[in-house]
Amino acid sequence: MNKIISILFIGLLAFTSCKKDNYDAPNAGLSGRFVDAETGELVQQDIIRGTQIEIFEHGYGTGQLQYLIVKNDGTYENSLLFANTYTIKPVRGNFIAVEPQDINIQGKTTLDFTVTPYIRLKDVSINKNGNKVVASFKLEQKVINNIKKIGLYAHSDSRVGEPMRLVAAEQELNAVSDPNHTYTLEIDLDANSSVLKAGTSYYFRAGALIDIGDAKLNYAPAVKL
Amino acid sequence: MKWKKARIYIFSVALFTASCAKVLDLEPTDRITADVIFGDPQGVKLYMADLYSQLPIEDFAYFRQGFNWNGSPGTGDVNNGGFAPAMSTDEAVHSEFGDFVGNDDFQWWDKGYKLIRDVNLLIDVIPTLNIKDDERAALTGESAFIKAYAYFALAKRYGGVPLIKESQKYDGTAESLKVPRSTEKQTWDYVMELCDAAIANLAPGKGRRASKWTAYALKSRAALHAASLAKFGPRAPMSGDAVSQNLIGLNTSDAAGYYSACIAACEAIINSGEFRLFRPSPANANEAAENYRLLFQDPNGATDEAIFIKGFTIPGNGTGQNYDIWYQPAQVANGWPHPGRMNPTLDLVDLYESYDNPGQSAPIVTTTDGNVNDYNGYSTAKTYLRFDTPNDIFKNKDARLWGTAILPQTNWKGIPIIIQAGYVKPDGQAVIRVKDEITINGTTYYTYGAPSTTMYSGFDTYGGNNTRTGFSFKKFMNQNAPVVPGWNQGTTDFIEFRYAEILLNYAEAVVESGTGNAAAAAAGLNDIRKRAGHTSTVALTSDNVQRERRVELAFENKRFWDLIRRREFHTQFNNRFMHSILPLQDLRALPDKKYIFVRVNVPNTNPKTFETRAYYRYIPGIGSNGLVQNPQY
């Protein structure tokens, strides 16, 4: 009898101490694009170690920052955020820094960033020439800093870039670019036959890095060859 | 009946406590109080032993999970796979794991502040102890030394940290215990200040406790670290709150002060005349290799060079270590199931100079075209150089290579260690990293150089016990006794500070700062080379110093911090494959026994990338301690 009572008692304790979880799952979301202020085109990004969007949820003191990543094509989306006011700021990007803004995120909220990329790659061509892949392009830079390096990157995945590549052909510039000069880079397929297998298609993408703090590369869209 | 008995008990206990008003003031009998331990010089000695055991020394029991990972209280499962800190650098890869620097690796926050709390409590009582003045000075110096050690370990992980200069008293509110982070500059300056206090109070001497020399050595290392951060910080710019508040990062103008502090500390040790290199003038390279090996196999035979030794004297939990079981080659495992984990990389091996061409690294050339950047594997289109043995290709390389790594088919514990990746059949077809055999003219040849898994140490993935780079591990390994197949049975001691490091710190501080006595710095650098069997001298240049440092201090857990402090990690590791060399027997040469070698990416691995945020560890528990987090965490 005593045993039954004590079991009941413990059960009672357990129930009273544990209320039903009455909070909603995150049901809001934020999505948008990085748009070039002049051309209106999307600003190409890196999916890993690329531009991030720092978001800070109001109402929780000095809490942890959250970071959203941006897709290669310059769009982003997080579809599982709690509805609230957030301070939002893209950080460590490949464009002239933009001011933080407070956004009330309710339901599916859209937020586009109009930015000026540090560098635009113009007249880009990436072609297979015999056993070499050759990229040529011109550079148009929007800030006075040096261009640190240019690169041509290859990967089997379409999200190719400097951080995500099997092979890279890079050239250190460390100079201000000449807008009329055509820069060329090439990857020798034979010399990389262990990673770039003959008869398989790979993605190639050209980029340039400005010499500013922890800036990221600017790119032209990837090409499948 | 039982219930009744219990009630009587409860009742009598209640009676007893009611009758005894001061029950809560009773001294617990299972704890020693501060008065007792600090009231007795023997007690202080015991307390000091505990503080020393907590020192953040990156020894044989230091792994990415933390310090004293040898079954010490408060640590986790000693079976961590044997993933050594060297494997987070370009020195080695693990025979199985492909891991690299992870967020939770090398953390030392709670334990760091525990040590600081413990040493602050000691500092509180030093003035009250009934001891002689010289003993009091020694204790003051030792406590400053331990505290400097702790803050150095914190600063290099987290940047600017809260400086708890005195023991904190709890006054009922947790808020009053919270101390904000100081700037990185203030933190490094505090480390310097503590080193100076240690130097001023400690007597010269040798032994396993702190002396004036160990304090100078610590200062030399810490000052070089801070100076490098200041000079090379711009190589990896960072942004965020911690940066804008100066909690991380130093100004380039701070470099000069720290370099000169390093130079002064090194000169104090060098000019003391107390230390010299172990066996500084070998007759030849073979002798140099053996001397170098002996220095680490038993540092106690080299007390002229060893400034500070951490002992692993007694086998057992918390006292022994596991390098011998994890890292000796498979053939000498002596029944232990997980040997052979440390695989020195070809990248490291390439770095060692050849006596034929001193002053520059000598990459291993395997083909007639001399291309050392081709990692595409074996090809019949290439012409490979043929050698008589699987180690002839390394002939004339710096003695320290031979003292650090076990090269293919060199002897270890009296047997040849067989490291072979395959063979090329008489028809030119290669069989690589597959278990196979072929019989030609009555003789059977095996891809791995021998018929069974107990007879070779390379390339077979069996058990993860065989090297996949072509090299096994020798430095620190005990050659005198068979491996004891159990946990924490190794007793080889670790040299925390040695004279060669001081000479290298000195050379680096002089060359990087462009100040100081360049002739003396070059002399120190060349003394180290001479001890390694070199007969020519090199100039004091940044490249020469760094190459010398990497080969001399390889696997002493310095490389990781060298890459951090010189901000080279993110450029050295950007989609980087580590490399192996595949020794193949060339059966086309029969009846001659010939070997060829193929340079490849380490089999079954992915490229490694270092994220710039990892230059600082994340600070644990910012939700409760309210500190500003490091960037991008």
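Which residues in α4(B) meet which residues in α5(B)? The views below start there.

This is a predicted model, where local features need pLDDT of at least 70, side-chain atom pairs count only at pLDDT 80 or more, and totals for chains, interfaces and linings use all residues. Residues are numbered from 1 along each chain as its sequence is written, chains are lettered from A, and side-chain values use heavy atoms, with hydrogens and water left out.

**View 1. Helices α4 (residues 110-125) and α5 (residues 133-158) of chain B.** Their axes come within 10 Å and cross at roughly 160° (axes are lines fitted to C-alpha atoms over the stretch in contact; angles run from 0 to 180 degrees between N-to-C directions). α4(B) and α5(B) are therefore roughly antiparallel (over 145 degrees). From α4(B) come B:Tyr113, B:Leu115, B:Ile116, B:Val119, B:Asn120, B:Leu122 and B:Ile123. They meet B:Ser143, B:Ile146, B:Lys147, B:Ala150, B:Tyr151 and B:Leu154 of α5(B) (contact: heavy atoms within 4.5 Å). By class, this contact has ten nonpolar, two polar and one charged residues.

**View 2. B:Asp374 in a loop of chain B.** The loop runs between α12 (346-351) and α13 (399-404) (helices are DSSP runs, H or I, of at least four residues). Beyond its neighbours within four places in sequence, B:Asp374 is in contact with B:Lys382 and B:Arg599.

**View 3. Two domains of chain A.** Domain 1 spans 28-115 and domain 2 spans 119-224. Their C-alpha centres lie 26 Å apart. The contact takes 17 residues from domain 1 and 20 residues from domain 2.

Definitions and conventions. Helices (H or I, at least four residues) and strands (E, at least two) are DSSP runs, numbered from the N terminus. Angles under 35 degrees count as roughly parallel, over 145 as roughly antiparallel, 65 to 115 as roughly perpendicular and the rest as oblique. Ala, Val, Leu, Ile, Met, Phe, Trp, Tyr, Cys and Pro count as nonpolar, Asp, Glu, Lys and Arg as charged, and the others, Gly among them, as polar. Domain bounds come from an automatic or database domain assignment.
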